[in-house]
Amino acid sequence: DVIFFESTFVRTAIFFSAKFMGKADFNNATFNGAAGFHSTRFRDDVTFGGVKIARRSNFGLAIFDGDVWFGNAKFSEKTNFDLAEFRAKVSFVSATFTENARFPEARMKHPASFRGVNFCEDTVLAGLWNHSCIHIVRFLSFGKLKLRKKTVTSFLFLDTSVVTDGSSNPRLIRHIADEQWIESWRSSSKL
């Protein structure tokens with residue numbers, strides 16, 4: 001087992017492709033820099049309860065074999081769970097995502113709890129930027145400026161029947177279903 005309970009990571013902490021064979025306890029840990037868990041394998045239960053991550057966090061392609069707890073976690077910048085695999089229970093109860101949280105193609109074998117989760121990103125300004133401002137700036141610069149779109153919270157390709165039990169956060173389930181329908185409509189209109 002590994003215990004980082006109430007630890008403070010002063011700079012960026014990278015656990016790229018690490019393998020935690022026993023339980024991992026990151027409860028109340030503070031990451032003053034970015035937290036990188038890309039392609040990390042957690043063979044047993046892992047807890048990130050009350051964790052505070054001041055910069056970006058990346059759990060893309062991570063595999064969680066045991067239960068995962070992100071209760072009361074605070075993610076201050078972009079958070080990535082792209083293609084992460086949750087093979088046991090997962091809970092984000094009362095977690096806060098200050099910027100966008102990305103879950104595209106994350107796989108969950110058991111219902112996850114998103115009860116009380118706060119998504120605090122400014123989707124209005126991101127939408128305005130992506131659909132208007134970026135095109136105006138490109139036009140005015142004669143295409144010389146290559147600007148990136150702002151990402152927003154994404155739950156594309158998640159199976160809502162597995163992601164959460166309908167009672168824990170019905171608004172989130174509706175948001176996921178709407179997002180998936182919009183994306184399928186966009187894809188079919190390109191054909």
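Predicted model: local features only at pLDDT ≥ 70, side-chain atom pairs only at ≥ 80, totals over all residues.

Student: Which strands form the open sheet, and in what order?

Tutor: Six strands do, in the order S1-S5-S9-S13-S17-S21, and their pairing is parallel.

Student: Which ones are the edge strands?

Tutor: Strand S1 (2-3) and strand S21 (112-113), as each of these pairs on one side only.

Student: How many bridges join S1 to S5?

Tutor: Two bridges link S1 to strand S5, residues 24-25, with the strands running parallel. One to look for is valine 2, whose bridge partner in S5 is alanine 24.

Student: Switching topic: which residues have the most contacts inside the largest nonpolar core?

Tutor: Phe15, Phe26, Phe31 and Phe92 do, in a core of 38 residues. As a rule, nonpolar side chains in soluble globular proteins tend to be buried together.

Student: What does phenylalanine 26 touch?

Tutor: Leaving out residues up to four places away in sequence, there are several phenylalanines, including Phe4, Phe9, Phe15, Phe20 and Phe31. Phenylalanine 26 also touches Val46, Thr47, Phe48, Gly49 and Val51, among others.

Student: What about phenylalanine 139, buried or exposed?

Tutor: Phenylalanine 139 is exposed, because its relative accessible area is 65% and the cut-off for exposed is over 50%. That residue lies in helix H1, residues 123-140. Together with Ile136 and Leu140, Phe139 makes a nonpolar surface patch of about 370 Å².

Student: Now the charges. How many salt bridges does a search of the whole structure find?

Tutor: Seven. In one of them, the side chains of arginine 55 and glutamate 77 meet at 3.2 Å, N to O.

Student: Why does that pair tie together parts that are apart in sequence?

Tutor: Arginine 55 is in the loop between strand S10 (52-53) and strand S11 (57-58), while glutamate 77 is in the loop between strand S14 (74-75) and strand S15 (79-80), so the pair ties together parts 22 residues apart in sequence.

Student: And is glutamate 77 buried or exposed?

Tutor: Glutamate 77 is buried, at 18% relative accessible area. Arginine 55, with 45% relative accessibility, counts as partly exposed.

Student: What does arginine 87 pair with?

Tutor: One partner is aspartate 65, in a salt bridge of 3.0 Å, N to O. Arginine 87 sits in the loop between strand S16 (85-86) and strand S17 (90-91), and aspartate 65 in the loop between strand S12 (63-64) and strand S13 (68-69), so this pair ties together parts 22 residues apart in sequence. Arginine 87 also meets glutamate 85 in a salt bridge, at 2.7 Å, N to O.

Student: How accessible are arginine 87 and glutamate 85?

Tutor: Arginine 87 is partly exposed, with a relative accessible area of 28%, and glutamate 85 counts as buried at 11% relative accessibility.

Student: Which residues are linked in a network of salt bridges?

Tutor: Asp65, Glu85 and Arg87 are linked with Arg41, Arg43 and Arg107 in such a network.

Definitions and conventions
Residues numbered from 1 in each chain as written. Heavy atoms only, no water. Core = buried A, V, L, I, M, F, W, Y, C linked by side-chain atoms within 4.5 Å. Buried < 20%, exposed > 50% of the residue type's maximum accessible area, 1.4 Å probe, protein only. Contact = heavy atoms within 4.5 Å. Patch = residues over 30% accessible without salt bridge, like charges linked within 9 Å, V, L, I, M, F, W, Y side chains within 5 Å. Areas by Shrake-Rupley, 256 points an atom, 1.4 Å probe, with all protein chains shown as cover. Salt bridge = Lys/Arg side-chain N within 4 Å of Asp/Glu carboxyl O. Helix = DSSP H or I, 4+ residues; strand = E, 2+ residues; numbered from the N terminus. Pairing = 2+ DSSP bridges.
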